[in-house]
Amino acid sequence: MNLEKHIWEGWTVNDFIYELSDTMNLVMRYNPLKTRGEVKKWCMSNQPYYKKYIPEVVDYFTEKYNIK
């Protein structure tokens with residue numbers, strides 16, 4: 001996975017992951033997402049500025065939390 005891939009106006013995959021990580025940790029602790037589709041929808045809704053699907057971001061979180 002290329003974490004330095006440019007996505008939007010200087011933002012990389014890693015930047016989006018960083019911005020979402022703390023909130024995703026809380027979500028997964030108190031109201032866990034169970035499917036890849038839920039993770040995808042959550043990421044798109046909560047990404048700053050860019051509300052389109054970023055496969056690498058979804059892949060990162062589904063792998064981190066072992067979601068199928």
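K51 is partly exposed, with a relative accessible area of 46%; here partly exposed covers the range between buried, under 20% relative accessible area, and exposed, over 50%, with a 1.4 Å probe and protein chains only. This is a predicted model, in which local features need pLDDT of at least 70 and side-chain atom pairs count only at pLDDT 80 or more, while totals for chains, interfaces and linings use all residues. Residues are numbered from 1 along each chain as its sequence is written, and side-chain values use heavy atoms, with hydrogens and water left out.

Let us stay with K51 for a moment. K51 sits in the loop between α2 and α3. Setting aside neighbours within four places in sequence, K51 is in contact with M44, S45 and N46, where contact means heavy atoms within 4.5 Å. The side chain of K51 also reaches backbone oxygens: that of Q47 at 2.4 Å, and that of S45, which lies 3.1 Å from a polar atom of the K51 side chain.

Now step back to the chain as a whole. Its secondary structure comes to three helices and two strands, and from the N terminus on the order is β-β-α-α-α. The radius of gyration is 11 Å, close to the 11 Å that the globule rule gives for 68 residues, so the chain is as compact as a globular protein of that length. Helices (H or I, at least four residues) and strands (E, at least two) are DSSP runs, numbered from the N terminus. The radius is taken over C-alpha atoms, and the globule rule is 2.2 Å times the number of residues to the power 0.38. Along the principal axes, the C-alpha atoms fill a box of roughly 30 × 20 × 20 Å. Of the 68 residues, 37% count as buried. Among contacts with a separation of 6 or more, 49% come from residues 24 or more positions apart.

Next, follow the chain to helix α3, residues 55-64, where T62 is found. The buried residues of α3 are E56, V57, V58, F61 and T62, and what covers them includes α1 (13-30) and α2 (36-46). An α-helix has 3.6 residues a turn, so residues three or four places apart point the same way. T62 itself is buried, with a relative accessible area of 7%. Not counting residues up to four places away in sequence, T62 touches R36, V39 and I67. A polar atom of the T62 side chain also lies 3.1 Å from the backbone oxygen of D59.

K64 lies in the helix α3 too, but at 41% relative accessibility K64 counts as partly exposed. The side chains of K64 and N25 are joined by a polar contact of 3.5 Å; a polar contact is a pair of N or O atoms within 3.5 Å, and within protein one must be able to donate a hydrogen and the other to accept it, while residues adjacent in sequence count only if both atoms are side-chain atoms. Just after α3, N66 takes a positive phi of about 50 degrees.

Finally, look back to strand β2, residues 11-12, which holds T12. T12 counts as buried at 11% relative accessibility. Leaving out residues up to four places away in sequence, T12 touches L3, E4, K5, H6 and I7. K64 and T12 are 52 residues apart in sequence and 19 Å apart in space, C-alpha to C-alpha.
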